[in-house]
Every structure is written in structure tokens, then in C-alpha cells.
Protein chains: 2
Amino acid sequence: MQRRSAERVARLLDACAQVLDEVGYDALTTREVARRAEVPIGTLYQFFAGKAALCRGLAERNLEAFLGRLGSRLDRDPVSGWQSTASVVVQEYVAMKREMPGFAVLDFGDPQPILGPVEEAGPGLDNANELVADRLRPLAVQLGAQESGDLATVLLVAVEIADSLVRLAFRFDPAGDPWLIAEAQQVLGAYLDSRLGQLMPPTINTE
Amino acid sequence: MQRRSAERVARLLDACAQVLDEVGYDALTTREVARRAEVPIGTLYQFFAGKAALCRGLAERNLEAFLGRLGSRLDRDPVSGWQSTASVVVQEYVAMKREMPGFAVLDFGDPQPILGPVEEAGPGLDNANELVADRLRPLAVQLGAQESGDLATVLLVAVEIADSLVRLAFRFDPAGDPWLIAEAQQVLGAYLDSRLGQLMPPTINTE
DNA sequence: TTGCTAAGGTGAGGATTGTTCATGTTAGAC
DNA sequence: GTCTAACATGAACAATCCTCACCTTAGCAA
């Protein structure tokens with residue numbers, strides 16, 4: 001039954017996240033993940049092409065969760081400028097780092113950490129942050145950004161900056177260094193302001 | 001003789017850099033590095049505790065090379081503000097990415113990519129960028145920064161931002177996307193200006 | 001020259017890993 | 001009850017990291 005399959009996949013990803021938190025990516029073994037998920041090793045390989053694919057799967061699930069959280073948060077608390085947008089985005093990101101198992105290690109995938117040359121470009125996360133930026137674009141447009149050709153690049157730069165600073169905040173302080181988190185918000189907000197213009201509240205312009 | 005040892009270490013690091021460029025970190029094997037360096041595998045393990053340590057060794061050598069380049073460059077072309085400092089630093093960093101084998105993959109170590117939890121904190125690069133920031137501090141002071149307690153943190157944030165953006169510039173364009181490199185310079189310069197003040201040319205103040 | 005010793009050098013092999021695949025086992029249609 | 005296609009399984013294979021029991025060398029004293 002597909003029902004059971006879905007459950008097993010979920011259990012595998014949960015176990016993957018747990019092991020990731022405990023021993024890190026290098027020391028993670030597919031055997032251990034399968035053991036914890038109480039799934040035979042062969043079955044793991046039926047769902048995921050290998051260790052990297054397994055972690056990509058987790059990263060994808062994380063990304064969906066993040067976008068979901070961000071969406072409902074923005075519905076609840078409407079933002080009124082890039083600064084407050086930056087603040088909300090960073091807050092939700094930080095919350096996930098704290099709550100989601102494995103998220104502190106994996107993030108949304110890997111910003112090309114030390115992987116290698118051209119890994120085959122699967123349909124999944126090749127480079128994660130680019131996907132994040134892509135998914136954030138409609139949101140940015142809705143908030144008043146010009147849909148120019150550079151928008152994608154500007155957003156990618158923004159994501160990259162925010163990502164690196166929040167990661168830094170969690171590098172030594174498992175709860176996230178508050179000063180560094182605040183710095184991430186400020187730098188991100190300033191960058192968005194400078195690149196996307198302050199044209200936030202799209203009240204009807206006099207023509 | 002220690003002479004031979006030093007040569008062998010150098011050859012090992014060269015081979016490591018080469019292999020890193022060709023197949024990436026994951027696929028790098030200690031055997032292959034040893035084979036190319038024409039050094040028995042056991043000898044590799046006499047100098048380096050393992051694959052990770054080998055790469056840390058390369059990262060350290062890279063860092064020294066970078067600091068050396070940066071020093072002589074600043075002697076040649078004195079800077080006149082944080083913006084031009086940012087420009088020079090990014091330029092030298094980019095030059096190394098282009099010229100140094102393995103540097104594009106390894107950088108100065110790993111910004112905690114997907115390694116793991118608390119790896120034992122050796123004397124070497126635990127987190128590389130912190131070391132970079134540390135070594136950059138005297139330089140910043142000489143350029144006019146206040147030697148406050150936050151200086152170290154501000155520099156670390158600056159390095160982290162520059163690092164992530166230059167990496168991004170090289171992620172898809174092997175020669176480094178010029179627009180992204182320029183963006184890295186601008187963002188870095190703006191951050192330094194905003195955090196360290198514009199008090200650059202330390203002409204004698206009227207008291 | 002010869003023997004001795006400590007430091008350094010060596011590579012076959014043990015332990016572990018990622019992954020495959022030949023062999024079960026089910027679930028549903030006829 | 002039989003057939004079939006899809007799913008499930010874990011022993012076995014190849015490749016890896018790293019160790020360690022053995023060698024070679026260098027320098028020195030007798």
C-alpha cells in the first residue's frame with residue numbers, strides 16, 4: 001500500500017534528521033538511519049538513490065515546511081516594509097533552526113559546501129538557496145518588488161547573506177546568538193531596501 | 001631528513017588540491033592523494049590524522065598564502081577607506097579562487113558545511129572564517145578601526161558575508177560572475193562603513 | 001668496519017561503509 | 001485457486017579509511 005510507503009518515507013526522514021543532529025553528515029550512515037526508522041536497508045534504497053538523495057529529501061521537506069510557516073506568519077502579521085519583512089523571515093528561519101531536528105545541520109540543502117564538481121543536476125535541490133530564492137520571488141513581488149530580470153539574483157544574494165549570518169549565529173550558540181541574529185535582520189533589511197527600493201506600501205500612486 | 005619530510009608534506013597538499021578540484025571533497029580518497037604525491041599511504045597518515053586533517057592542512061596553507069598576498073598588495077596600493085579596502089580584499093580573494101588549485105572547493109576550510117557536531121577542537125581550523133577574521137584584525141586596527149570588543153565579531157560577520165557572496169559568484173561561473181563579485185565588494189564595503197565608522201584617513205585630529 | 005638504536009617509512013589487511021540484486025512476499029484481478 | 005506485477009528484504013560485493021607489525025635508514029660509538 002502507498003499509505004505504508006508514505007509512512008516509511010516519513011520515518012526515514014525523521015530518523016535521518018535525528019542522526020544528522022547527533023553525528024553530522026559525514027558520520028551519518030544509511031544503515032543507522034534505516035535501523036532507527038525500522039525499515040530494511042534495501043527499502044531505503046528503493047525510496048532514495050543514496051545517502052545524498054536521502055538528505056536532499058529531508059532538505060526538501062524542510063523547505064516546504066519553512067515556506068508554509070512563512071506564508072501563514074505573513075498572513076497573521078502583515079509586514080510594512082523590507083525591514084520588517086527581513087525581520088519576519090529571519091525570525092521564522094531561526095525558529096526552524098531551533099525546532100526542526102536536523103535543520104541546523106542541513107538547512108535547506110547545501111550551499112555547495114564541499115561537495116564536488118558537477119554532481120548530476122537532478123530535479124531536486126542542486127543548489128538549495130537558489131530554490132529558496134525562487135520560491136520567495138512571488139512573495140517579494142506581492143510585497144511590491146519590481147519584477148525585473150535582476151530580481152531573482154538580488155533575492156539569491158539576500159538569501160545567501162541571511163543564510164550565512166544565521167548559520168554563524170548558531171555555530172557556537174546552540175540557541176542562536178541574539179546579537180548575530182539581530183545583525184542578520186539588519187543587514188538583510190538594509191540590502192533589500194537598497195536593491196529593491198523603499199516602495200513598499202503600494203497605495204495608489206498619483207499618475 | 002626533515003628536508004624530505006617537508007617536501008613530502010608539500011607534495012601531499014599539492015596533490016590534495018588537485019584531486020579536490022577534479023572530484024570534490026566527498027570523492028577524494030587518501031589513497032589517490034598519496035598515489036599522486038608518490039608517497040606511501042602509511043606516510044600520509046604519519047603527517048595527517050586523516051582525510052579531514054589533510055584538507056585542513058591545505059586550508060591552512062591557503063590562509064597563509066592569502067594573508068601574504070593581502071599584505072603585500074596593501075603595501076603596494078594603500079587604501080583610503082573601507083570601500084576601497086573591501087574592494088582590495090575581495091579582489092585578492094577572487095584572484096586566489098582563480099589561481100590556487102583546490103581553493104575554489106576548500107576556501108579556507110569549511111564554514112561548518114555539513115560536517116557535524118562538535119569535532120574535537122584541534123589547534124587548526126575549527127572554524128576557518130573565525131581565524132581569517134582574527135588575522136585580519138590587526139590590519140583593520142591599522143586602518144583606523146576602534147579596537148573595541150565587538151571588532152572581532154564585526155569582522156567575522158564581514159568575512160562571512162564576503163565569503164558567501166564570492167562563493168556564490170563562483171558557483172556557476174568558474175571564472176566568477178563579475179556582477180556578483182562587484183556586489184560582494186559593495187555589500188562588504190557598506191557593512192564595514194556602517195559598523196566601523198568612516199573615520200578612515202587618520203590625519204591628526206584637532207583636539 | 002661493525003654493531004646498536006631511535007626515528008622514520010611502509011603497505012597488506014581489518015573494520016566499516018555505500019550500494020546492489022537475487023530471492024521472497026504480498027495484493028489484487030480474473 | 002492461479003497468475004502477475006509491484007513491493008520488500010538482507011546477505012554479499014566492492015571500495016573506503018585507517019592501523020600496526022614489520023622494515024629501512026641515519027648517526028654514532030667501539
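The surface near DNA strand C draws at least two residues each from α2 (30-37) and α3 (41-47) of chain A and from α1 (2-27) and α3 (41-47) of chain B. Here, near means that the C-beta atom, placed from the backbone, lies within 6 Å of the strand, and helices are DSSP runs (H or I, at least four residues) numbered from the N terminus. This is a predicted model, in which local features need pLDDT of at least 70, side-chain atom pairs count only at pLDDT 80 or more, and totals for chains, interfaces and linings use all residues. Residues are numbered from 1 along each chain as its sequence is written, while chains are lettered from A and ligands numbered from 1 in the order in which they are written.

**DNA strand C**

**B:L63**
- This residue belongs to helix α4 (residues 51-76) of chain B.
- B:L63 is partly exposed because 18 other C-beta atoms lie within 10 Å (buried means 20 or more, exposed 12 or fewer, partly exposed in between, with C-beta atoms placed from the backbone).
- Leaving aside residues up to four places away in sequence, B:L63 touches B:F108, B:L131 and B:V132 (contact means C-beta atoms, placed from the backbone, within 7 Å).

**Helix α7 of chain A**
- Among the buried residues of α7(A) are A:V132, A:L136 and A:A140.
- The cover over the buried residues of α7(A) includes α4 (51-76) and α8 (151-172) of chain A.
- After α7(A) comes A:G144, with a positive phi near 115°.

Terms used:
Two residues are in contact if their C-beta atoms, placed from the backbone, lie within 7 Å.
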